[in-house]
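Subject: Structure for you to look at

Dear colleague,

I am handing over the structure below, together with notes on what was found in it. Please keep it open while you read, and look up each residue as you come to its name.

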Amino acid sequence: MTGSTPASFTADDYRARMERAARTAAEASLAGLLVAPGPDLVWLTGYTPPAVTERLTLLVLAAGQDPVLVVPALEAPDAHRAPGAPALTLRDWTDGKDPYAATAALLDASGRFGISDNAWALHLLALQQAMPGSSYASLTEALPMLRAVKDAAELDLMAAAGAAADATFEEIRNVPFAGRRESEVAADLDRLLRGHGHEQVDFTIVASGPNGANPHHEAGDRVIARGDMVVLDFGGLRDGYGSDTSRTVHVGEPTDEERRVHAIVREAQEAGFRAVRPGAACQDVDRAARQVIADAGYGEYFIHRTGHGIGVTTHEPPYMIEGEERPLVPGMCFSVEPGIYLPGRFGVRIEDIVTVTEDGGRRLNTTTRELVIVE
């Protein structure tokens, strides 16, 4: 069931990303970017350190100078093998030496830098001590759109991840639900996602009956019963790019109210999707979906944003939320996932990943959004 392996990104791909990141940083009046191990480093260089430890690993990017990866000497051989290594200079340091002084020598000591959200405080504080005149902003604050617009190769990987999640849903809808614990169905989702090529599973939400009213319910020991509405929300990384989809199923025949609530959410999800087009504000997607639910009298029960960006992580900018006026751009990928959550009773959520096209939007999840009956 495992999907085919995609073509690898080349050193030229990583060089172009690093050049664009440095240029974007300069346009944002930053002296450069400091990228610690994590998704930004993987996206920019293809390098994942063998372990994230107290030893400093840091990519230094600034317009007009070659990228430099500061790396512990004992990990330098791994860094040399990274696909983006030919596009940068490796500067290794040995235990007993001061890596912060070596890094400071590459930087404007009075500059303002964007730094990875997940950089350790240990490293940031040491850099500040080495450069007392420097200042810092998180990458999410300074360059929130750094990874937001995907190129054609990335979109192919996103589509493949979405197709794998869809194949998982087509199989999970045929497994037994009644009489089994939520955790057992969640284990099925994990197994199926991995079977369809996911190397990492980030979440397998199985929220049955009243648990469905909690959008981030952790699958537990509750035994699923006939008459339950069950929210399924699952995803992870396939070939380094994210999937995330939600469908709500029902064990046996639903009531008229359950059908009506599901239909409202389905209509809201469709409205959010139809609002996707270049130049529209992110908040327009949220407004379109939310209006449908509010008009139906359930506005107070839609308790989260309509969507989040996705790429090399399953949650990243941009966010489809009121107040976010950033315009949509072709190549952006994000979820459209309205829901209604009735405390103590049940919940409904329907979610697709959508990418912005030149004239609208394209769904990367194509399984039915109708209410599916399971056994």
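Let me begin with one residue and its partner. Arginine 259 has a relative accessible area of 39%, so it counts as partly exposed, a class that lies between buried (under 20% relative accessible area) and exposed (over 50%), judged with a 1.4 Å probe and protein chains only. Before going further, please note that this is a predicted model, in which local features need pLDDT of at least 70 and side-chain atom pairs count only at pLDDT 80 or more, while totals for chains, interfaces and linings use all residues. Residues are numbered from 1 along each chain as its sequence is written, and side-chain values use heavy atoms, with hydrogens and water left out.

Salt bridges

The partner of arginine 259 is glutamate 253, and the closest N and O atoms of this salt bridge are 3.0 Å apart; the term means a side-chain nitrogen of Lys or Arg within 4 Å of a carboxyl oxygen of Asp or Glu. Glutamate 253, for its part, is exposed, with a relative accessible area of 59%. The structure holds 28 salt bridges, and two further ones are described here.

In one of them, glutamate 324 meets arginine 326 through their side chains, with 3.8 Å from N to O. Both residues are partly exposed, glutamate 324 at 21% relative accessibility and arginine 326 at 28%. There is also a network, in which salt bridges that share partners join Arg247, Glu270, Arg274, Asp352, Arg363 and Arg369.

In the other, aspartate 239 pairs with arginine 238, where the closest N and O atoms are 3.1 Å apart. Arginine 238 is buried, with a relative accessible area of 7%, whereas aspartate 239 is partly exposed at 28%.

Backbone details

You will find serine 29 in the loop between helix H1 (11–27) and strand E1 (32–35), where it is exposed, with a relative accessible area of 63%.

Alanine 31 lies in the loop between H1 and E1 and is partly exposed at 30% relative accessible area. Its C-alpha atom is 24 Å from that of glutamate 316, a residue 285 positions away in sequence. The peptide bond from proline 317 to proline 318 is cis, with omega near 5°, and proline 318 belongs to strand E12 (residues 316–320).

Is alanine 280 buried or exposed? With a relative accessible area of 3%, alanine 280 is buried, and its place is in the loop between helix H9 (256–274) and helix H10 (282–295). The C-alpha atoms of alanine 280 and glycine 360 are separated by 9.7 Å, although the two residues are 80 apart along the chain.

The largest pocket

The largest pocket has a volume of about 400 Å³. Of the 17 residues that line this pocket, the closest to its centre are Ile205, Pro215, His216, Asp233 and His315. On a 1 Å grid over the protein atoms alone, a pocket is an open set of points with protein on both sides within 12 Å along at least five of seven lines, where a 1.4 Å probe fits, and lining residues have an atom within 4 Å of a point. Grid points are joined across faces, edges and corners, and the volume is the space filled by probe spheres set on the points. Strand E7 (residues 198–208) gives the largest share of the lining, three residues.

A patch on the surface

Val52, Trp120 and Leu122 form a nonpolar patch on the surface, with about 290 Å² of accessible area together. Such a patch is made of residues with over 30% relative accessible area and no salt bridge, and nonpolar side chains (Val, Leu, Ile, Met, Phe, Trp, Tyr) are joined within 5 Å; accessible areas come from the Shrake-Rupley method with a 1.4 Å probe. Valine 52 itself is exposed, at 51% relative accessible area, and is found in the loop between helix H2 (39–45) and strand E2 (58–61).

With best wishes

Conventions: Patches are made of residues with over 30% relative accessible area and no salt bridge: like charges are joined within 9 Å, nonpolar side chains (Val, Leu, Ile, Met, Phe, Trp, Tyr) within 5 Å. Helices (H or I, at least four residues) and strands (E, at least two) are DSSP runs, numbered from the N terminus.
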